[in-house]
Amino acid sequence: MEVERVQEIANFSKETIPEDFIRTTYEQPALTTVQGTVLEVPVIDLSYPDEEKVVRAIVDASSNWGMFQVVNHGIPHETVRKLKEVGKAFFELPPHEKEAYAKSPGSQSIEGYGTKLQREVEGKKAWVDHLFHKIWPPSEINYQFWPKNPPSYRKNNEEYAKHMHGVVDKLFRCLSLGLGLEGNEMKEAMGGDNMVYLLKINYYPQCPRPDLALGVPAHTDMSAITILVPNDVQGLQACKDDHWYDVEYIPNALIVHIGDQVEIVSNGKYKSVLHRAKVNKEKTRISWPVFVEPPSDLEVGPHPKLVNGANPPKFKSRKYSQYCFCKLNKTPQ
């Protein structure tokens, strides 16, 4: 059965959208967004020489917000620009070229070009197409899912992955120190150098009814952390104190989300952020999150040094693959 892509639906939807994409009233952005207020998500300068101050800022943001933006992060602007350029070019290819990278029906792998990601309880659809593939470590990479066109796609993605390590190491060191652990312990609890970097490109076409649809519904990320760059079209929203707010992206920053695995390992001190994506009537929005994840067979649970009689474990330990299966299929953890 041929899957209908949102990009194709958008080409024929000029005033209305199919019923499947109209969210329930408690999800519709026009009804649920706090208007006129933009969340001033913490902005942290990773190059600041006083590490203790950087650690405090990351701890505060991770405990109270679950998200923050980092500047002076060490990834060259040109590297990010080239990543975006080839990702955008892939989605502008003819449909049959993109379909060559489609996920096989019934595949257990998340990698590939697709539209549906998880089971939607209400049966509603998200206004987004996507491409997933792993960019690190080399042993996990399956180039079958890396587009061969544009020709510089592989080179530009490998360059971005190379620069990502410094940011990941810095963030995990700060998160670890902020818990009173040694600088390397949080990273080691997530698999150390065997952590997987899973890139996703979210492609949100223009939508005639952005007041009714969502690009991605409300969720927290399954990953340890997520490091994201968008194009210049705003659309990220975060839930703070049970209200939905627009999050304004700062040019050249990286947006960092605390994911479920960091919340688990920190035994709840750090909070994974509940967020969603809006769509735009005039412009296509694109984002490039990298989900930094434990290896699939690694068991993840609260760090032993953070658990005692006064502070019992708040989460069960389980293999990361099992955690993901339950979350994507909406089955109890």
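User: In which sense do S1 and strand S10 pair, and over how many bridges?

Analyst: Strands of a sheet pair through backbone hydrogen bonds, either parallel or antiparallel. In this predicted model, S1 and strand S10 (residues 243-247) pair in the parallel sense, over three bridges. Take Val 38: its bridge partner in S10 is Asp 246.

User: What is the strand order of the open sheet?

Analyst: The open sheet has five strands, ordered S1-S10-S9-S12-S7. The pairing is mixed. Strand S1 (33-39) and strand S7 (216-219) stand at the edges. Each has a single partner strand, so one side of each is left without a neighbour in the sheet. From one strand to the next, the twist averages 30°.

User: Which residues lie nearest the centre of the second largest pocket?

Analyst: Lys 84, Asn 231, Asp 232, Tyr 249 and Trp 288, out of 23 lining residues. The volume of the second largest pocket is about 400 Å³.

User: Which element supplies the largest share of that pocket's lining?

Analyst: H4, with six residues. Helix H4 (77-91) and strand S13 (285-293) each supply at least two. The lining of the second largest pocket holds 11 nonpolar, six polar and six charged residues.

Notes. Residues numbered from 1 in each chain as written. Predicted model: local features only at pLDDT ≥ 70, side-chain atom pairs only at ≥ 80, totals over all residues. Heavy atoms only, no water. Pairing = 2+ DSSP bridges. Helix = DSSP H or I, 4+ residues; strand = E, 2+ residues; numbered from the N terminus. Axes fitted to C-alpha atoms, helices over the stretch in contact; angles between N-to-C directions. 1 Å grid on protein atoms, 1.4 Å probe; cavity = no way out; pocket = protein on both sides within 12 Å on 5 of 7 lines; lining within 4 Å. Points joined across faces, edges and corners; volume = space filled by probe spheres on them. Nonpolar A, V, L, I, M, F, W, Y, C, P; charged D, E, K, R; others polar.
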